[in-house]
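Hi everyone, thanks for coming.

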Amino acid sequence: MKQLIDLQTWNRREHFAFFGAFEEPFFGLVAPVDCTGAQAEAKRLGVSFFLYYLYHAVQAANEVPEFRTRIEDGQVYRYDRVHASATLGRSDHTFAFSFIEQHDELAGFVAAAQAEIEAVQNSSGLRLSNTTARVDVLHCSAIPWVRFTGLTHARSFQHPDSCPKISFSQLYEENGRTYMNVAVNVHHALADGYHVGQFLQAFEQRLAVNERMSD
C-alpha cells in the first residue's frame, strides 16, 4: 500500500522541486556502525551474519518514513513498508538482483532470503524482472572483502530512480569493538542527512539490543 503525498502542502515541496531537477540528485555518506556481538548472536540463532544484519537494516529503514518515500511519474508516494533488493553472489563471482520481502520476524525474512539465494545460484545473468525492479525496495549490497571508506554507484540518469542504496563493508576491529562501514545513498529531493542519521542510529541500536540480549 502507498499514500500519495500532496505536493502543495508537503513541507519538502521546495526541496523536491530544487533537487528533483538535478542530473544527479543522489547524495551519500559512509559511516561506521558498531556491530560488536552481532556475529555471535547470528551464530547463536543459526543465521548467516549477512542475512542477520540485512534483516535489521531493512527493519531500521522501515522506521524512517523518508526511506519509504518514492517518486513515480512526477508524483511522490509513501509506502507502508519497503523490502530488500539485494545483490547476491554466485561461486563464479557474478551476481544477480533479488527481491526479499520484508517480514517483522527474522525467521520469515531469512526464509524469503534463502529462497532467493537458491534461485540466484540456479540461474545466470542479472535476473532482471518486474519483481527485482520494484520501486518499493532498498537497493542493498555487501562488499565484505573491502573496508571501504567511500563508495559510488553506477547509475543511468535517464532511468527514474529514487530508491535508497545501502552497502555494507568488511568487518574490522578497533579499540576492542567490531565495526562495519555502511554507505547510504538517498535521493536528496526526498531525504537529507538527518534522515540518513536516523536510519544509521536505528540500525546500530537494533544490533546493540541483540548484543545485550546475547550477554
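How many cavities of 30 Å³ or more does a search of the whole structure find? The search turns up one. A cavity here is a set of points, on a 1 Å grid over the protein atoms alone, where a 1.4 Å probe fits but cannot get out, and its lining residues have an atom within 4 Å of a point. Grid points are joined across faces, edges and corners, and the volume is the space filled by probe spheres set on the points. If you wonder about the idea behind it, rolling a probe the size of a water molecule over the atoms shows where empty space is left.

The largest cavity holds about 30 Å³ of space. Which residues line the largest cavity? They are Glu66, Thr69, Arg70, Ser162, Pro164, Val186, His187, Leu190 and Ala191. Strand S3 (69–72) and strand S10 (177–187) are the elements giving two or more residues to that lining. Sorted by class, the lining has four nonpolar, three polar and two charged residues. For that sorting, Ala, Val, Leu, Ile, Met, Phe, Trp, Tyr, Cys and Pro count as nonpolar, Asp, Glu, Lys and Arg as charged, and the others, Gly among them, as polar.

A word on where this comes from: it is a predicted model, in which local features need pLDDT of at least 70 and side-chain atom pairs count only at pLDDT 80 or more, while totals for chains, interfaces and linings use all residues. Residues are numbered from 1 along each chain as its sequence is written, and side-chain values use heavy atoms, with hydrogens and water left out.

Now to strand S3 and its sheet. Strands (E, at least two residues) and helices (H or I, at least four) are DSSP runs, numbered from the N terminus, and two strands pair if DSSP finds at least two bridges between them. S3 belongs to an open sheet of three strands, in the order S1-S4-S3, with antiparallel pairing. Strand S1 (2–4) and S3 are the edge strands, each pairing on one side only. From one strand to the next, the twist averages 35°; the axes are lines fitted to C-alpha atoms, for helices over the stretch in contact, and angles run from 0 to 180 degrees between N-to-C directions.

S1 is joined to strand S4 (residues 75–79) by three bridges, and Leu4 has Tyr77 as its bridge partner in S4. S3 and S4 pair over four bridges.

S2 and S10 run antiparallel and are joined by nine bridges; Gly28, for example, has Asn185 as its bridge partner in S10.

Next, two loop residues with a positive phi. His93 is not a glycine, yet its phi is about 70°. You'll find His93 in the loop between strand S6 (88–89) and strand S7 (95–96), and it counts as exposed at 76% relative accessibility. Exposed means over 50% relative accessible area, buried under 20%, and partly exposed in between (1.4 Å probe, protein chains only). Arg127 has a phi near 60° and lies in the loop between helix H4 (106–121) and strand S8 (137–142). Arg127 is partly exposed, at 24%.

Last, the cysteines. The whole structure has zero disulfides, a disulfide being a pair of cysteine sulfur atoms within 2.5 Å. For Cys140, the nearest cysteine sulfur is that of Cys163, 10 Å away. Cys35 is buried, at 3% relative accessibility, and Cys140 is buried too, with a relative accessible area of 3%.

Notes: On a 1 Å grid over the protein atoms alone, a cavity is a set of points where a 1.4 Å probe fits but cannot get out, and a pocket is an open set with protein on both sides within 12 Å along at least five of seven lines; lining residues have an atom within 4 Å of a point.
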